[in-house]
Amino acid sequence: MLKTAEIMPLTGALGAEVSGVQLADLVKRNDSSNAEQLFQMLVENKVLVFRDQHPDPQTHVDVAKLIGDLAPAVPMYPKVAGYEDIIIIRNDDDNPPENEVWHADMTYREVPIFASVLHGVHIPPVGGDTLWVDMVAVAEGLSAPMRQFLTGLTARHTIQKGFSFVNENGQNDRAAELAEIINREKATNHPVLRKHPVSGAETLFVNAAFTEAINELAADESDAMLRHLYSRIDNPRYQMRVKWRPGTVVMWDNWATQHYACGDHYPSFREVQRVTVSTPRYASLGLN
C-alpha cells in the first residue's frame, strides 16, 4: 500500500507530505511490511504530514502502534474519553496557549520518547500553525571547533522547568499533579550532541523547555552557551511549517526534531490530540 504513496518533500531540510494513503486502511491491513515502511519514511523525513484523515480515537492509537510502543500520556492534560493514551491540547477562553518555545517532548525522561502522532480536530480559520526544526541539520551547521567543544558534554533536563508555567499561572489543580510527577521523574542527563539511536546521525539535544544547564560548565557559561545554541534553531533554513486543516495527522521523530506550536490563533478555539510513542519497533537501539 505504501509503495504507491506519493511523498512530496516540504522543505530542503525536513518534512514530507504523504498522499494516496488512508491511515485507517493501513491499520486495518495490519501488514508488518507497510508498518516498517512507514517507520522508515518517518526516520528518513523526520516529519510526515497526512491530510484528510479524520481518524477515530482507536485508529489514532493504532496508527501510533504501527511505529512503536506507546509511552504513558502526560497526566496534566485531559484525555479522550475511554482512551488514556490520547491527550487533548485545547485552546479556548479558559485555556490560552502554553509554553510557546522550541522543544522536544518529554526529554526529562531517561529515555526520551521516540515519536508523536498529532491529529488536528478543531482548527481555527487563521493561525495555530506548528513549526519543526531539523536538529541533525542544526548540529551539522555548527563549526568543527564548536562540535569538538560540545562533544562529551552533558545537559540536565527536568520536567519542572518545562512546566514552570503551571505554578506561575496559579493552576493549582495541575500543580498537585506536577508535584507528583517531579517526585517520580528526577533530573535526567543527556549528551549535548547525541547520536540518534536509529539513524546514527548526530543531533543537538538541548531544548529551551526542559534543559536546565550544561553540567560541565559554570552557570554563567552554561546560560551563555545554551542561548547561543538555541539561536541556531531560529535559522529558517533548518525549519518547516505545517498549516493545519481538520483531519490533518502529523507524526514526527522526537529524537531528530524540535517543534513550536504558534499561538497566534488565540483566542480562537483550537484542539489537537496527541499519542506518544516511547521506542520504535523496527530497529535495534543503543539508547543514549
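## Sheet β14-β8-β16

In β16, Ala 261 is the bridge partner of Thr 130. Strand β8, which covers residues 130–134, pairs with β16 in the antiparallel sense, and 5 bridges connect the two. Both strands belong to an open sheet of 3 strands, ordered β14-β8-β16, with antiparallel pairing. The edge strands of this sheet are β14 (239–242) and β16, each of which pairs on one side only. On average, and with direction ignored, neighbouring strands here are turned by 20° against each other.

## Overall content

The model described here is predicted. The protein has 288 residues, of which 53% count as buried. Its secondary structure consists of 9 helices and 17 strands.

Among contacts in the protein with a separation of 6 or more, 83% are between residues 24 or more positions apart. The accessible surface of the protein is about 12700 Å², and carbon and sulfur atoms account for 47% of that area.

## Sheet β10-β9-β13

Another group of 3 strands forms an open sheet in the order β10-β9-β13, with antiparallel pairing. At the edges stand β10 (188–191) and β13 (211–214); each has a single partner strand, so one side of each is left without a neighbour in the sheet. From one strand to the next, the twist averages 30°.

Strand β9 comprises residues 154–157 and is paired with β13 in the antiparallel sense over 3 bridges. Within this pairing, Ala 155 stands opposite Ile 214 of β13.

## Strand β7 and its partners

Strand β7 spans residues 115–122. It is mostly covered, with 6 of its 8 residues buried. β7 runs antiparallel to strand β15 (residues 249–253), and 5 bridges join the two. Val 117 has Met 251 as its bridge partner in β15.

β7 is also joined to β17, by 7 bridges, and these two strands run antiparallel as well. Here the bridge partner of His 122 is Glu 271 in β17.

## Nonpolar cores

The largest nonpolar core has 32 residues; those that touch the most other members are Leu 38, Leu 48, Phe 50, Ile 67, Phe 114 and Met 251. The element that gives the most to this core is α2, with 6 residues. Apart from this core lies another, of 25 residues, which include Met 146, Val 206, Met 225 and Leu 226.

The surroundings of Phe 50 can be listed in detail. Not counting residues up to four places away in sequence, Phe 50 touches Val 18, Val 21, Leu 23, Leu 38, Gly 247, Thr 248, Val 249 and Met 251. Two of these contacts, Leu 38 and Met 251, are themselves among the core residues that touch the most other members.

## A buried lysine

Lys 46 is in the loop between α2 (32–45) and β3 (47–50). Its relative accessibility is 12%, and because the cut-off for buried is under 20%, Lys 46 counts as buried.

With residues up to four places away in sequence not counted, Lys 46 touches Leu 14, Met 41, Asp 134, Val 136, Met 251, Trp 252, Asp 253, Ala 256 and Thr 257. Of these, Met 251 is also touched by Phe 50 and is the bridge partner of Val 117. Asp 134 is in strand β8, which runs over residues 130–134.

## Backbone exceptions

Most residues other than glycine have a negative phi, and most peptide bonds are trans.

His 54 is not a glycine, yet has a positive phi of about 50°. This histidine lies in the loop between β3 and α3 (57–67). Met 106, again a residue other than glycine, has a positive phi near 55°. Its place is in the loop between β6 (83–91) and β7 (115–122). Met 106 counts as buried because its relative accessibility is 6%, where the cut-off is under 20%.

The peptide bond that joins Tyr 266 and Pro 267 is cis, with omega about 15°. Pro 267 lies in the loop between β16 (257–261) and β17 (270–280).

How values were computed. Residues are numbered from 1 along each chain as its sequence is written. This is a predicted model: local features need pLDDT of at least 70, side-chain atom pairs count only at pLDDT 80 or more; totals for chains, interfaces and linings use all residues. Side-chain values use heavy atoms; hydrogens and water are left out. Helices (H or I, at least four residues) and strands (E, at least two) are DSSP runs, numbered from the N terminus. Buried means under 20% relative accessible area, exposed over 50%, partly exposed in between (1.4 Å probe, protein chains only). Contact means heavy atoms within 4.5 Å. A nonpolar core is a set of buried Ala, Val, Leu, Ile, Met, Phe, Trp, Tyr and Cys residues joined through side-chain atoms within 4.5 Å. Two strands pair if DSSP finds at least two bridges between them. Axes are lines fitted to C-alpha atoms, for helices over the stretch in contact, and angles run from 0 to 180 degrees between N-to-C directions. Accessible areas come from the Shrake-Rupley method with a 1.4 Å probe; for residues, only the protein chains shown count as cover.
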